[in-house]
Amino acid sequence: MKITALLVLKCNPDGSDPVVLATAMDVSHFGYFQRSSVKEFILFVARTVGKRTPPGQRQSVQHEEYKVHSYNRNGLCVMGFMDDHYPVRSSFSLLNQVLDEYQKNFGESWRTAQADNMQPWPYLNEALNKYQDPAEADKLLKIQRELDETKIILHKTIDSVLARGEKLDSLVEKSSDLSAASQMFYKQAKKTNQCCTIL
Amino acid sequence: MMKLGPSSYRDRTQEFLSVVERLKKSVASANNAPSSSGSSNSSRAVTKPEDRKFAVAIQSEFNKRASKIGYGIHQTSQKLAKLAKLAKRTSVFDDPTFEIQELTAVIKQDITALNSAVVDLQLLCNSQNESGNISSDTTSHSTTVVDNLKNRLMGTTKEFKEVLTMRTENLKVHENRRQLFSSNASKESTNPFVRQRPLATRLDGGASTASPPPWANGSASSSRLFPSKQADGESLPLLQQQQGQQQQQMVPLQDSYMHSRAEALHNVESTIHELGNIFTQLATMVSQQGEIAIRIDENMDDTLANVEGAQSQLVSKHINENRVHSDSDSYNLDCAYKQSKLMIWHTTIVTA
């Protein structure tokens, strides 16, 4: 489950090419000479999909072995290139987070951007690294995972408690036998004692 | 038990009238001799046939009405059987609502009319019984007839109500099924529901033809993708035009983002619920085992007391024996004494 790239674009409602505002790409798994072309390609696809995403809509496009998820909110469009295994819901929650973060950091300045902005935004790079695991991005997924682990642990606990119950049962048997035997012993001692008092 | 229909009773009116004629003649001839009682007799005799004719007329009126009511009830119950069949037969898509409603209205009208007719009949019967000088057989007969008709009408009304309740239940079940199908179309990956998907997603022309094959191929549950309905329809052909070399394919969009989130939340909630259950069971089991542990503790205390008592006995006996008996016995006692001391030591360790 891998995120290959995260991009923030400014989409114009008139349908012209979107302006790239921030990008973070992880092309390490491509060969060295292919990396730049892959980056270009990613930009191109991002622009196209961004053009096609109407404002206020979420969209997912399957492209070869990638899924491109895009979320356009009031002209600010966030896109993620993920592989097929990445859960879609987590990807959209991640996009939401990135969008909020961008708006917090840059306010409304992006609206006036006309040229592609190639300055790296460290948050985006961090996000790319951190959110390779979908559970990080999607709290629901994280919670579900933890709950499942807890359930497994509880099952083991119940099994061991059952074993403990069995042992306690055998112990109670033995202790009742012991007390019966000690009672017999006491009676026997009393009986043998009685015969000596006369002597 | 009186049968329904116009021919359910034997109409002996004609016989009766002929008998009356005969009697009139015989009474008239008998009345010629005694003159004093003749007039009264004749008048009585005259009134009697008239009365009898009047009574007969009333009785036949009663019978006619009763037979009409009985026939009406029979027809209504037949219509009711038809309605019941229609209501049972109704399915999700092919609901003969209009017919059912018509039939229901007709049956209701019939029942109300029959009800009023029975009430009238009862009034007539009562007035008859009070006024005329008719025999007790006739009165009992008429009251029985009226009661019978009333019971039949009540039975028909009850059946009508049952049919209506059954129909409302069926309608509810169909509504539920319809909702199930329309909202959960994405979850069903089996074939029968592929047909329903075009209805649920409502894609327009160009994209809809491309949609069924990708649906069949796409992974249903893991890829929850998002609809943007018109956008898909436009973007797909445009993208295909622009990037002819690259193969782009719109993965079918089945559920919305919000649906998947809602479902995830539901799952989380149910998981937490299960965990609560598990904890409760765990607590029950541990408390039960605690009870067992207490019992063990008591048993050990008993054992300790017994062994201590036995030891004290043996001590006193040992002292006695040391004065009196041989060595073998005292050796046995010695061993018993030491063993009991050991037992006490062990028991105190365990209970502590």
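This note sets out numbered points on a predicted model.

1. Basis of the note. The model is predicted; local features need pLDDT of at least 70, side-chain atom pairs count only at pLDDT 80 or more, and totals for chains, interfaces and linings use all residues. Residues are numbered from 1 along each chain as its sequence is written, chains are lettered from A and ligands numbered from 1 in the order in which they are written, and side-chain values use heavy atoms, with hydrogens and water left out.

2. Chain B overall. Chain B contains ten helices and one strand, where helices (H or I, at least four residues) and strands (E, at least two) are DSSP runs numbered from the N terminus. Along the sequence, the order of these elements is α-α-α-α-α-α-α-α-β-α-α. Of the 352 residues in chain B, 32% are buried; buried means under 20% relative accessible area, exposed over 50%, and partly exposed in between (1.4 Å probe, protein chains only).

3. Helix α1 of chain A. This helix covers residues 35–52, and its 18 residues should span 26 Å at 1.5 Å a residue; the end C-alpha atoms are 26 Å apart, which agrees. The expected span is 1.5 Å times one less than the number of residues. Its buried residues include A:V38, A:I42, A:V45 and A:V49, and A:R52 is also among them.

4. Salt bridges in chain A. Seven salt bridges are found over all chains, each defined as a side-chain nitrogen of Lys or Arg within 4 Å of a carboxyl oxygen of Asp or Glu. One of them joins A:D84 to A:K67, with the closest N and O atoms 3.7 Å apart. This pair links distant parts of the chain, 17 residues apart: A:D84 is in the loop between β5 (76–83) and α2 (88–106), and A:K67 is in strand β4 (residues 66–73). A:K67 counts as buried at 5% relative accessibility, whereas A:D84 is partly exposed, at 37%. A further bridge pairs A:E101 with A:K104 (3.9 Å, N to O). Both residues lie in helix α2 of chain A, three residues apart, about one turn of the helix. An α-helix has 3.6 residues a turn, so residues three or four places apart point the same way. A:K104 is exposed, with 63% relative accessibility.

5. A salt bridge in chain B. The side chains of B:D110 and B:K79 form a salt bridge at 2.5 Å, N to O. B:D110 lies in helix α3 (residues 97–131) and B:K79 in helix α2 (residues 36–89), so the pair ties together parts of chain B that are 31 residues apart in sequence. B:D110 is partly exposed, with a relative accessible area of 22%, and B:K79 is partly exposed at 23%.

6. Surface patches. Patches consist of residues with over 30% relative accessible area and no salt bridge, like charges being joined within 9 Å and nonpolar side chains (Val, Leu, Ile, Met, Phe, Trp, Tyr) within 5 Å. In chain B, B:L342, B:W345 and B:I349 make a nonpolar surface patch of about 340 Å²; B:I349 is in helix α10 (residues 327–351). In chain A, a surface patch of negative charge (Asp and Glu count as negative) gathers A:E166, A:D169, A:E173 and A:D177. A:E166 belongs to helix α5 (residues 139–197) and is exposed, with a relative accessible area of 59%.

Key: Accessible areas come from the Shrake-Rupley method with a 1.4 Å probe; for residues, only the protein chains shown count as cover. The place of a charge is taken as NZ of Lys, CZ of Arg, CG of Asp or CD of Glu.
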